[in-house]
Amino acid sequence: MITPQHYPSSQTTVFILFFILMGSSVFAQSTVGTNVHVDIWNSETPIVQGSNEEVRGTQWYRDEWTPGRVILRDNSLTEIHNINYNTYENKIIFKDGDVMKAYDPNQVRGFQFVDESGNKTQEFVTGISDQEFGIHPFDLLRVVYNGKTRFLAQHETIFVRNSGRDLITNKRYSEYDETITYFLMKDGELTKTRLRKRNILNDIGDQKNALDDFAKSNKLRLKSEEDVVTLLKYYDQIK
């Protein structure tokens, strides 16, 4: 993942305290001076942001904290608690009262968002590695479809300081810039793809005519995740 450069204020002292949890998690907490904002889950190079600096975008996968559970290295599941995914840090963050804590990437296999009944609604996994695409074993990938051919999404966010100027005020702003990269995983091999019909059909590799006919008859433009999932379900039936 690309790591942006950070520019800590020389007038602000930031203390990062490390707490090691027994068993499943490691988290960092910071104390901050006045008129600054510090990303408390970044234990090495926290962004120190002036109080008047406008920052656009977000480093969170979801706008709200959502019930979920973490899959540990031994495949056991944690209790359900409010979690979110920090796409800038590639870390699973959860709330313990008013304190945010981050799971140690070495200790997890992924996490799941769940509904009010505890049923899985969405899942991210680790353990996939590909040097060509810069994917490391601890990187979290969203499982869009988990069939014979898996459909995966990688969410990455970089922080761009002074990335532009407001059209009305002409003041500079910084922003978190997120990108989503899609992959098909077939027979254990990753292929980078795009939400475009030509790319999806070519990257699946076989049954192209049958898949093209199915897409046409079902009016699938393959420009959405839902369309690709529908196509892959059909592909699993005919493969």
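1. Helices (H or I, at least four residues) and strands (E, at least two) are DSSP runs, numbered from the N terminus. Asparagine 199 sits in one such run, helix α1. The protein has three helices and 15 strands.

2. This is a predicted model, in which local features need pLDDT of at least 70 and side-chain atom pairs count only at pLDDT 80 or more, while totals for chains, interfaces and linings use all residues. Residues are numbered from 1 along each chain as its sequence is written, and side-chain values use heavy atoms, with hydrogens and water left out.

3. Overall figures. Of the 239 residues in the protein, 44% are buried; buried means under 20% relative accessible area, exposed over 50%, and partly exposed in between (1.4 Å probe, protein chains only). Among contacts (heavy atoms within 4.5 Å) with a separation of 6 or more, 51% join residues 24 or more positions apart.

4. Asparagine 199. At 16% relative accessibility, asparagine 199 counts as buried. Not counting residues up to four places away in sequence, asparagine 199 touches Thr193 and Arg194.

5. Helix α1 and its surroundings. Asn199 is one of the buried residues of α1, together with Ile200, Leu201 and Ile204. The buried residues of this helix pack against β14 (172-186), β15 (189-193), α2 and α3 (225-238). Glycine 205 follows α1 and has a positive phi, near 100°.

6. The pair α1 and α2. The axes of helix α1 (residues 197-204) and helix α2 (residues 208-217) come within 9 Å and cross at roughly 145°. Axes here are lines fitted to C-alpha atoms, for helices over the stretch in contact, and angles run from 0 to 180 degrees between N-to-C directions. The crossing of α1 and α2 is right-handed; a crossing is left-handed if the near helix is turned anticlockwise from the far one by less than a right angle, and right-handed if clockwise.

7. Residues in that contact. From α1, Lys197, Leu201, Asn202 and Ile204 take part, and they meet Lys208, Leu211, Asp212, Ala215 and Lys216 of α2. By class, the contact has four nonpolar, one polar and four charged residues. In this scheme Ala, Val, Leu, Ile, Met, Phe, Trp, Tyr, Cys and Pro count as nonpolar, Asp, Glu, Lys and Arg as charged, and the others, Gly among them, as polar.

8. Most residues other than glycine have a negative phi. Glutamine 207, in the loop between α1 and α2, has a positive phi of about 55°. Its relative accessibility is 35%, so glutamine 207 counts as partly exposed. Asparagine 170 also has a positive phi, near 65°, and is found in the loop between β13 (149-165) and β14. Asparagine 170 is partly exposed because its relative accessibility is 47%.

9. The cavity. A search of the whole structure finds one cavity of 30 Å³ or more. On a 1 Å grid over the protein atoms alone, a cavity is a set of points where a 1.4 Å probe fits but cannot get out, and a pocket is an open set with protein on both sides within 12 Å along at least five of seven lines; lining residues have an atom within 4 Å of a point. The largest cavity has a volume of about 40 Å³, volume being the space filled by probe spheres set on the grid points, which are joined across faces, edges and corners. Its lining consists of Asn90, Lys91, Ile92, Tyr103, Pro105, Val108, Phe138 and Leu140, by class six nonpolar, one polar and one charged.

10. Phenylalanine 138. This residue of the cavity lining is placed in the loop between β11 and β12. Phenylalanine 138 counts as partly exposed because its relative accessible area is 36%. Not counting residues up to four places away in sequence, it touches Asn90, Pro105, Asn106 and Thr126.

11. The second largest pocket. About 160 Å³ of space lies in this pocket, and its lining includes Lys120, Arg142 and Tyr145. The elements that give two or more residues to the lining are β11 (120-125) and β12 (141-146). Strand β12 supplies the largest share, five residues. By class, the lining has three nonpolar, three polar and three charged residues.
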